[in-house]
Amino acid sequence: MKLAITGKGGVGKTTLTSLLAYHYAAQAGAVLAIDADPSPCLGAALGFPPGLLQSLTPIAEMHELVAERTDSKPGTFGGYFKLNPRVEDIPDRYTATHRGITLLELGAVEHGGSGCICPESVLLKQLVSHILLRRNEVVLLDMYAGVEHLGRATAEAVDAMILVVEPTARSIATAAQIKSLAADIGLKHLFLVGSKIQTPEDAQYVSAHSPGLPVLGHMPHSPQVQTADRLGQAVYDAAPELAQAAHAIAEGLARQLAAVAP
């Protein structure tokens with residue numbers, strides 16, 4: 001299973017990614033969780049010990065590694081560099097593992113726009129492509145509100161993209177924008193998940209205003225998410241009702257994908 005989870009900042013996509021990671025780890029035994037958010041926090045949601053998290057450096061911030069693999073010069077702009085750098089060893093060398101879940105932090109490219117062609121962006125995109133196309137474990141990609149680490153070459157390797165939304169107009173509007181970006185690169189299986197649901201009306205709002213996407217399920221609002229963050233616990237352990245909701249979402253996704261399988 002290769003899944004991308006995205007949505008507007010703060011909607012709960014990292015929470016859902018962490019919950020799904022434990023769900024699939026219990027089933028498959030090996031999960032690679034990729035934090036592609038510019039402000040990495042997936043490790044904390046997974047309950048990784050502080051020492052493990054401190055041992056990680058986002059790949060985009062490993063300037064010597066970027067320079068070595070792309071034949072570029074650190075801290076410079078322009079010039080020539082490799083567009084197909086070697087990346088196959090990175091998921092095994094620059095990660096941390098806890099309770100069957102391996103965490104990789106990508107980090108953010110600090111200069112250039114969304115169309116930036118620079119050594120860091122080239123390395124990150126090549127790395128994600130390698131993971132999606134060449135590795136066999138379950139992969140969960142926790143993304144910011146976009147598809148910047150994906151491309152047409154890898155779109156078919158993504159089994160599904162889950163768009164997490166709050167029951168608000170702005171969150172739904174962001175989901176519609178992401179849907180359009182995903183269509184541009186050929187992502188076919190997109191689904192919606194409602195987050196921070198407090199009332200039946202909240203769930204109805206998400207279903208009624210979905211931008212033409214099937215709704216896999218809903219995650220209830222839970223104060224235990226904040227409690228888990230303060231105590232350094234995994235949300236999966238601290239919020240059983242959210243863990244149960246994630247199980248149902250994963251099962252619903254499996255049924256949806258089985259229905260469209262050739």
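This section describes the strand pairing, nonpolar cores, selected contacts and salt bridges of a predicted model.

Strand β1, spanning residues 2–6, is largely enclosed by the rest of the structure, because five of its five residues are buried. Burial extends to both faces of β1: Lys2, Ala4 and Thr6 are buried on one side, and Leu3 and Ile5 are buried on the other. In general, the side chains of a regular strand alternate between the two faces of the sheet. Strand β1 runs parallel to strand β5 (residues 138–142), to which four bridges join it; in this pairing Ile5 stands opposite Asp142. Four bridges likewise join β1 to strand β6 (residues 160–165), again in parallel orientation, with Leu3 placed opposite Ala160.

The largest nonpolar core comprises 42 residues, of which Ile59, Leu104, Leu150, Met161 and Leu187 touch the most other members. Two or more residues are given to this core by each of β2 (31–35), α4 (63–70), α6 (119–134), β5, β6, α8, β7 (190–197) and α9 (200–209). Helix α6 provides the largest share, six residues. Beyond its neighbours within four places in sequence, Met161 is in contact with Ala4 and Thr6, with Met143, Val147 and Leu150, with Ile178 and Ala182, and with Leu187, His189, Leu190 and Phe191. Another core, of 40 residues, lies apart from the largest one and includes Val11, Ala96, Val138 and Ala250. In soluble globular proteins, nonpolar side chains tend to be buried together.

Helix α12 (residues 240–260) contains 21 residues and reaches 31 Å from its first C-alpha to its last, close to the 30 Å expected at 1.5 Å a residue. Buried positions in α12 are Leu242, Ala243, Ala245, Ala246, Ile249, Ala250, Gly252, Leu253 and Leu257.

Two further helical residues were examined individually. Ser171, in helix α8 (residues 169–184), has a relative accessibility of 1% and therefore counts as buried. When residues up to four places away in sequence are not counted, Ser171 touches Lys8, Val11, Val164, Val165 and Glu166. Thr14 is found in helix α1 (residues 13–28) and, at 11% relative accessibility, also counts as buried. With neighbours within four places in sequence left aside, the contacts of Thr14 are Cys41, Leu42, Ala45 and Asp142.

A search of the whole structure finds 10 salt bridges. One of them joins the side chains of Asp142 and Lys13, at 3.5 Å from N to O. Asp142 belongs to strand β5 and Lys13 to helix α1, so the pair ties together parts that are 129 residues apart in sequence. Asp142 is buried at 0% relative accessibility, and Lys13 is buried with a relative accessible area of 5%. A salt bridge is also formed between Arg135 and Glu137, whose closest N and O atoms are 3.0 Å apart; both Arg135 and Glu137 are buried.

The side chains of Glu166 and Lys196 meet in a salt bridge with an N to O distance of 3.1 Å. This pair links distant parts of the chain, 30 residues apart, with Glu166 in the loop between β6 and α8 and Lys196 in strand β7. At 19% relative accessibility, Glu166 counts as buried, the limit being under 20%, whereas Lys196 is partly exposed with a relative accessible area of 34%. Finally, salt bridges with shared partners join Glu68, Arg69, Arg86, Asp89 and Arg93 into one network.

Conventions:
Residues are numbered from 1 along each chain as its sequence is written. This is a predicted model: local features need pLDDT of at least 70, side-chain atom pairs count only at pLDDT 80 or more; totals for chains, interfaces and linings use all residues. Side-chain values use heavy atoms; hydrogens and water are left out. Buried means under 20% relative accessible area, exposed over 50%, partly exposed in between (1.4 Å probe, protein chains only). Two strands pair if DSSP finds at least two bridges between them. Contact means heavy atoms within 4.5 Å. The expected span of a helix is 1.5 Å times one less than its number of residues. A nonpolar core is a set of buried Ala, Val, Leu, Ile, Met, Phe, Trp, Tyr and Cys residues joined through side-chain atoms within 4.5 Å. A salt bridge is a side-chain nitrogen of Lys or Arg within 4 Å of a carboxyl oxygen of Asp or Glu.
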